[in-house]
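These are my notebook entries on a structure that I looked up. I record what I checked, entry by entry.

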There are 4 protein chains.
Amino acid sequence: MTGLASPSHTASCGASQLRERLFATRRYSLELTSTLSAEDMTVQAMDDASPTKWHLAHTSWFFETVILAPHLKGYRLFDEAFHYCFNSYYESLGPRQPRPKRGVLTRPSCETVLAYRAHVEEGLEELFSRSVPPGPEIECLLEIGINHEQQHQELMLTDILALFAANPLRPASRPPRPHPKQPKAPEPLRWVAFGSGIYEIGHPGKGFAWDNEMPRHRQYLQPFRLADRLVTNAEWLAFIANGGYRTPALWLSDGWSLIAREGWQTPLYWEERDGEWSAMTLEGMRPVEPAAPVAHISYYEADAYARWAGYRLPTEFEWEVAAREGAARQMIGEVWQWTGSAYLPYPGYRPPPGPLAEYNAKFMCSQHVLRGSSRATPQGHSRATYRNFFYPHQRWQFTGLRLAADAA
Amino acid sequence: MTGLASPSHTASCGASQLRERLFATRRYSLELTSTLSAEDMTVQAMDDASPTKWHLAHTSWFFETVILAPHLKGYRLFDEAFHYCFNSYYESLGPRQPRPKRGVLTRPSCETVLAYRAHVEEGLEELFSRSVPPGPEIECLLEIGINHEQQHQELMLTDILALFAANPLRPASRPPRPHPKQPKAPEPLRWVAFGSGIYEIGHPGKGFAWDNEMPRHRQYLQPFRLADRLVTNAEWLAFIANGGYRTPALWLSDGWSLIAREGWQTPLYWEERDGEWSAMTLEGMRPVEPAAPVAHISYYEADAYARWAGYRLPTEFEWEVAAREGAARQMIGEVWQWTGSAYLPYPGYRPPPGPLAEYNAKFMCSQHVLRGSSRATPQGHSRATYRNFFYPHQRWQFTGLRLAADAA
Amino acid sequence: MTGLASPSHTASCGASQLRERLFATRRYSLELTSTLSAEDMTVQAMDDASPTKWHLAHTSWFFETVILAPHLKGYRLFDEAFHYCFNSYYESLGPRQPRPKRGVLTRPSCETVLAYRAHVEEGLEELFSRSVPPGPEIECLLEIGINHEQQHQELMLTDILALFAANPLRPASRPPRPHPKQPKAPEPLRWVAFGSGIYEIGHPGKGFAWDNEMPRHRQYLQPFRLADRLVTNAEWLAFIANGGYRTPALWLSDGWSLIAREGWQTPLYWEERDGEWSAMTLEGMRPVEPAAPVAHISYYEADAYARWAGYRLPTEFEWEVAAREGAARQMIGEVWQWTGSAYLPYPGYRPPPGPLAEYNAKFMCSQHVLRGSSRATPQGHSRATYRNFFYPHQRWQFTGLRLAADAA
Amino acid sequence: MTGLASPSHTASCGASQLRERLFATRRYSLELTSTLSAEDMTVQAMDDASPTKWHLAHTSWFFETVILAPHLKGYRLFDEAFHYCFNSYYESLGPRQPRPKRGVLTRPSCETVLAYRAHVEEGLEELFSRSVPPGPEIECLLEIGINHEQQHQELMLTDILALFAANPLRPASRPPRPHPKQPKAPEPLRWVAFGSGIYEIGHPGKGFAWDNEMPRHRQYLQPFRLADRLVTNAEWLAFIANGGYRTPALWLSDGWSLIAREGWQTPLYWEERDGEWSAMTLEGMRPVEPAAPVAHISYYEADAYARWAGYRLPTEFEWEVAAREGAARQMIGEVWQWTGSAYLPYPGYRPPPGPLAEYNAKFMCSQHVLRGSSRATPQGHSRATYRNFFYPHQRWQFTGLRLAADAA
């Protein structure tokens with residue numbers, strides 16, 4: 001999940017509460033690490049994931065590189081070598097630590113990275129404490145920095161889960177908390193109908209949005225129906241029991257090859273013992289709750305399930321229309337929802353100028369759009385026009401699905 | 001390139017000339033092999049390509065399996081073992097020779113495969129010679145078989161080219177023929193403008209079409225412009241000379257990784273010697289003609305070129321609208337044209353019943369649509385609604401590009 | 001199996017019958033192809049194997065490059081491009097067709113390769129028909145060429161077997177011939193004892209030998225015993241039935257990883273159906289004969305079997321001593337016998353000068369020595385000092401084992 | 001480097017100072033970690049290397065599993081889950097954390113692993129404090145445990161070096177210490193001559209030795225000469241400057257493929273900047289000292305150098321004879337010395353009973369023997385009969401070479 005809006009794309013960023021939100025966001029990143037040791041924060045679980053320490057440093061490097069170095073006169077880089085260590089993928093900003101090798105960075109230490117964060121925050125404080133306030137351009141960059149850090153907050157959680165799931169001790173990364181009592185059986189699924197016509201899609205321009213949510217434009221939609229809730233674990237168990245993972249006719253060709261090669265027979269992190277299903281979570285191994293939305297599935301699995309159920313995945317446009325109209329339950333805050341839409345630029349899309357051009361645009365190929373947000377998405381980071389994207393085989397995020405259908 | 005229409009999807013197949021077209025198509029497959037030895041026809045150049053012999057046998061297996069075995073009473077299978085050898089990818093029809101191992105089939109021999117073709121054609125003749133004519137269902141299946149074989153005719157050419165390009169002797173697979181005199185310099189590029197609005201997209205239902213061209217449905221398009229001709233070799237050379245293959249800002253992230261890893265610096269088959277460019281073709285090594293359309297480029301390269309030129313690729317809908325209106329040159333018969341559209345089902349799409357469900361539907365992920373047709377596409381196999389599809393890294397087909405732009 | 005003696009290493013090559021043996025060897029290569037089509041002769045079964053056509057051409061290229069071009073005045077190269085096509089691995093002779101791509105050479109055709117062979121043989125005839133006979137240096141090179149071609153004759157058989165075993169039709173590459181009636185049960189195994197002491201090892205210098213068999217030198221051997229026959233299929237079946245392939249304690253660490261990764265549970269080419277074992281052979285699928293020597297096993301399997309049986313593999317020196325003394329049955333002509341000796345240079349070894357330095361020396365690492373010869377080895381190509389060598393995982397050759405033990 | 005002697009193979013282990021040596025060894029392991037953070041100790045640099053924490057835990061698991069659990073009545077396992085986490089490769093002891101995944105074990109923490117060490121040491125103390133002393137069998141196991149831990153002490157150093165060399169900050173893992181002043185130029189190389197004859201090879205049986213050093217047995221050696229010192233960096237620079245890494249004739253075939261594929265042009269860890277050479281060391285980046293022994297080379301490089309220099313590598317037997325006679329300088333304490341000998345069992349070799357059978361025996365294939373010891377080998381761990389072994393491509397250990405030659 002990666003995205004970046006350019007100043008020219010983000011409408012008025014809201015100056016008054018910006019500072020407060022900025023530092024609250026920064027603090028929240030550290031709160032997420034409260035149960036982690038320096039060891040936990042350093043190791044990289046797999047190529048797709050990054051160490052917590054790297055996330056903490058990279059989000060600071062981002063503020064330093066995009067705002068402080070060019071815009072805060074007299075700002076001193078914390079350590080010049082960090083530019084190489086913590087650049088993620090910006091070709092225009094020079095060479096960088098290869099992504100699969102982020103986990104060898106035992107130095108700088110977590111302690112040094114915390115000092116780096118403090119140093120960057122001092123710079124950001126200074127920006128606000130000047131006689132002349134930041135001004136709209138820098139305000140927008142700060143807004144981008146906040147949203148960027150929020151994206152990494154979610155990744156910190158999914159990446160730690162990947163790490164702890166690979167550990168034979170299956171440690172919890174946070175204490176178990178009282179869950180809202182889930183009903184034993186899923187709610188009956190209800191369908192919400194939408195008529196055909198031209199719909200406005202994309203961010204309307206007020207408040208923050210990433211460049212990939214714009215420009216707002218028109219799409220013609222055929223009439224469709226959308227499930228008013230997500231697919232549940234109970235339903236997924238029925239799919240498994242019905243031979244879903246063994247029936248080639250349900251699968252895209254690439255998906256069938258993948259599950260055969262990898263031996264996938266369940267969502268990621270699921271285990272069966274003596275007929276009981278449990279799954280690795282941030283709270284350690286927990287029973288699979290029947291009424292909870294299924295999570296950690298790939299696009300291939302979501303697509304196969306929909307076919308098995310006799311339905312299809314929604315397009316991202318259908319999802320957005322429904323979300324805007326508030327017409328269905330569980331749109332945000334549960335799991336990211338795979339859509340049938342490929343991640344492509346909207347008509348008329350222009351990437352922002354400068355290095356932020358690389359934030360979203362260069363990933364617009366071979367990925368699918370996910371809509372909504374997950375239980376790991378920070379408060380305030382969700383909206384109806386938000387476009388998340390992953391490759392169809394990826395499933396270490398909190399990814400699930402909602403069914404759609406053509407009009408009856 | 002693979003596709004299949006179900007009877008229910010193909011409008012009236014035209015009974016009267018069907019037989020003639022069927023056998024003309026069968027003969028043309030053999031004509032394409034006239035310069036090839038049995039050795040040439042047996043070897044598999046790479047995993048993506050298939051041996052000529054395999055194409056000849058598979059297209060016969062298709063008629064045998066889909067039409068003769070179920071519909072011609074008393075038909076005798078030529079050899080039961082061929083079902084395993086020449087099933088391409090139909091999971092519903094059982095296990096098969098793995099795709100990358102099609103080239104180990106030195107047996108059955110080419111001679112036997114020709115006998116297999118004759119045997120199948122006898123069956124097809126018998127179908128027509130009966131007192132009761134085939135009827136619409138079988139006519140439609142025959143139409144599908146013809147179109148299927150035509151698709152493989154194009155693949156026979158591209159796969160032989162791949163084989164001969166890997167041969168240090170760089171043999172020609174057909175005698176050089178007098179080319180239409182190409183002008184030294186490309187024609188100036190002109191733009192054709194199209195207005196916004198709701199357009200009908202997809203096959204209207206009269207005449208043959210694949211299932212993936214249907215259903216006809218509505219798309220809203222923003223105003224756009226389309227180049228009236230293809231990008232030329234001369235223009236591509238300017239892209240190379242300007243550092244196109246060395247400038248990361250032009251490339252999608254996956255594309256940049258790919259060209260770095262593989263060392264791509266030109267289209268496939270190009271070679272430079274003493275400042276002169278030549279390329280491997282069906283007629284052997286030939287000078288790169290400046291005014292001819294560039295060919296053998298991947299989606300990544302097409303996309304990077306468009307960005308470098310300050311434009312973009314058209315969507316498949318824009319292309320179809322322009323083709324229908326006959327508004328631009330070089331729409332068919334030159335090179336397949338990469339579009340910015342991912343290969344996905346049309347709204348309301350339903351795959352055909354039976355094994356033909358696997359023809360197109362299961363490939364609708366991670367590929368891009370190409371429109372038009374190429375110099376290798378058989379006569380009569382092109383149309384404005386045709387959807388070809390390949391992965392973004394593939395370039396052994398005759399693939400090129402046409403520029404598009406938003407309205408000025 | 002590859003080796004080359006330099007003139008300085010091969011003792012008197014025997015001038016009188018040389019010509020006759022040369023052309024008999026050349027003819028025998030063609031006889032081996034009598035049941036093969038051009039298609040069969042062109043395809044490469046796997047990276048380790050080569051096409052028959054390539055073997056036919058390479059052995060001709062060898063005579064052309066090593067003898068005719070430098071030593072026959074006025075000799076005209078058949079085709080300069082063949083130097084690239086048919087150089088096997090001689091770095092000193094320039095770039096070459098990559099080994100895994102030998103199978104794309106559908107051109108030159110088999111017919112052309114036969115013409116190439118004839119052309120080279122004309123050159124060789126001319127060498128003999130001159131007023132001045134070849135002389136010892138060229139005689140020795142001719143001897144090397146004969147032995148080189150004999151090595152490729154064996155490879156032609158093993159490589160065709162690999163090709164036909166990968167073909168679902170499981171074709172035979174020669175008509176079934178009446179086998180010597182094998183007894184139902186293996187002969188009882190008898191042990192032959194040898195005393196300790198200093199033994200002379202290596203070729204004594206009279207007659208042809210490869211450079212890697214020299215120099216003759218001394219080895220001290222502890223007392224040992226050698227089985228007087230090979231391990232049989234019946235014994236191997238007992239090993240399988242006893243869980244040999246599932247017992248890690250029997251295996252070298254690398255071997256255990258390999259069989260787990262590849263799922264090996266039998267020798268190569270074995271198949272079980274309804275409790276009956278059969279194996280792919282040059283005569284097609286045939287029942288596994290209990291009393292016949294087991295074949296197509298890797299070093300790892302040979303070593304595991306010996307450990308399971310409570311014995312060990314012989315060293316190559318032990319084998320040579322026994323062979324020289326004629327003390328045991330089945331030393332040659334059945335299967336190559338894995339020894340516990342790594343393939344390393346003998347003390348005092350010097351590779352021959354010129355390109356032939358690359359024949360054997362550069363492979364002296366990570367391989368194991370096999371002794372004896374196989375049913376596929378040409379007549380007259382076996383001797384007690386012969387050193388064949390393969391990597392421990394390879395098993396597409398006719399490879400088996402004989403047990404050894406320390407003195408009781 | 002891994003080895004294990006069985007009780008029956010280790011001659012009198014020396015009871016009196018055993019306890020003192022045991023705890024001194026345990027303390028020394030911790031001393032080696034004094035400059036490392038918990039982060040440094042947790043990360044795995046590459047598949048071949050292990051985290052420091054894992055080494056600390058594994059060596060404790062070894063004492064617990066081999067001695068305390070079976071032999072100390074009432075001993076309580078520290079944590080049952082550690083059996084899975086810290087078993088290295090003992091198939092007979094059950095499943096284990098896959099080797100390339102040792103670095104995901106952020107839990108147990110370093111702190112817990114230290115507690116584990118203390119717990120095991122309490123158990124060991126108790127063993128000694130009993131009224132009945134341990135007895136010869138347990139004494140021998142303790143001796144094995146000490147030597148095992150010493151082997152891991154060396155690996156801790158080489159693995160940390162691998163980790164820090166992969167870090168763009170190139171941290172030092174210990175403070176730079178005053179080096180013995182190295183002369184600018186290497187000492188002139190002198191040759192020591194040895195006569196032919198039968199030599200006794202292998203451990204004579206007094207004092208500790210690994211099973212792979214036994215049994216003592218006879219080898220016949222031809223006369224040879226051995227360089228009285230190691231090959232130096234200055235000499236290696238001459239090899240580089242002379243095109244050593246670009247001359248295929250110098251290389252084994254596998255080695256040449258490897259250096260081409262990997263782009264090797266120097267020993268591991270070397271870097272050139274502005275004509276100056278430096279190398280990553282435990283003390284960070286340091287200038288390459290001309291007179292110091294070259295280190296971090298693979299067998300392929302050692303072998304190529306020897307060929308370039310006109311010599312060869314010694315066999316392990318030659319090395320042992322020379323070491324026993326004290327005839328040459330720099331035999332131990334500098335770098336491990338590649339020999340031309342494959343790592344194979346000595347004649348009459350029997351692995352020890354029980355799980356220790358897996359210590360050395362199952363690795364006796366495809367590796368080469370290194371003799372001597374390195375600057376990282378703990379005091380008292382070297383001897384003339386010691387056999388270390390690595391694959392020919394490995395070079396993250398302190399590996400160098402000494403030249404040998406046949407008698408003039």
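**Entry 1: hairpin.** In this predicted model, I looked up how β6(A) is joined to β7(A), and found a hairpin that runs through 2 residues. Strand β6 covers residues 276-281 of chain A, and strand β7 covers residues 284-287 of chain A. I noted that the two pair in the antiparallel sense over 4 bridges. I then looked up A:T281, whose bridge partner in β7(A) is A:G284.

**Entry 2: helix pair.** I turned next to two helices of chain A. I recall that two packed helices are described by the angle between their axes and the distance between the axes. For helix α1 (residues 18-31) and helix α5 (residues 110-129) of chain A, the axes come within 11 Å and cross at roughly 175°. An angle over 145 degrees counts as roughly antiparallel, and α1(A) and α5(A) are therefore roughly antiparallel to each other.

I listed the residues that meet. From α1(A) they are A:L18, A:R19, A:L22, A:F23, A:R26, A:S29 and A:L30. From α5(A) they are A:L114, A:R117, A:V120, A:E121, A:L124, A:E125 and A:F128. By class, I recorded 8 nonpolar, 5 charged and 1 polar residues in this contact.

**Entry 3: chains C and D.** How is chain D laid on chain C? I found that a turn of 180° with a shift of 0.0 Å along the axis does this, at an RMSD of 0.0 Å. The two copies are thus related as by a two-fold rotation axis. I also checked the interface residues of chain D: 100% of them are interface residues in chain C as well, so the copies meet through the same surface.

Technical notes
Residues numbered from 1 in each chain as written. Chains lettered and ligands numbered in written order. Predicted model: local features only at pLDDT ≥ 70, side-chain atom pairs only at ≥ 80, totals over all residues. Heavy atoms only, no water. Least-squares fit on C-alpha atoms with pLDDT ≥ 70 in both. Contact = heavy atoms within 4.5 Å. Axes fitted to C-alpha atoms, helices over the stretch in contact; angles between N-to-C directions. Parallel < 35°, antiparallel > 145°, perpendicular 65-115°, else oblique. Nonpolar A, V, L, I, M, F, W, Y, C, P; charged D, E, K, R; others polar. Pairing = 2+ DSSP bridges.
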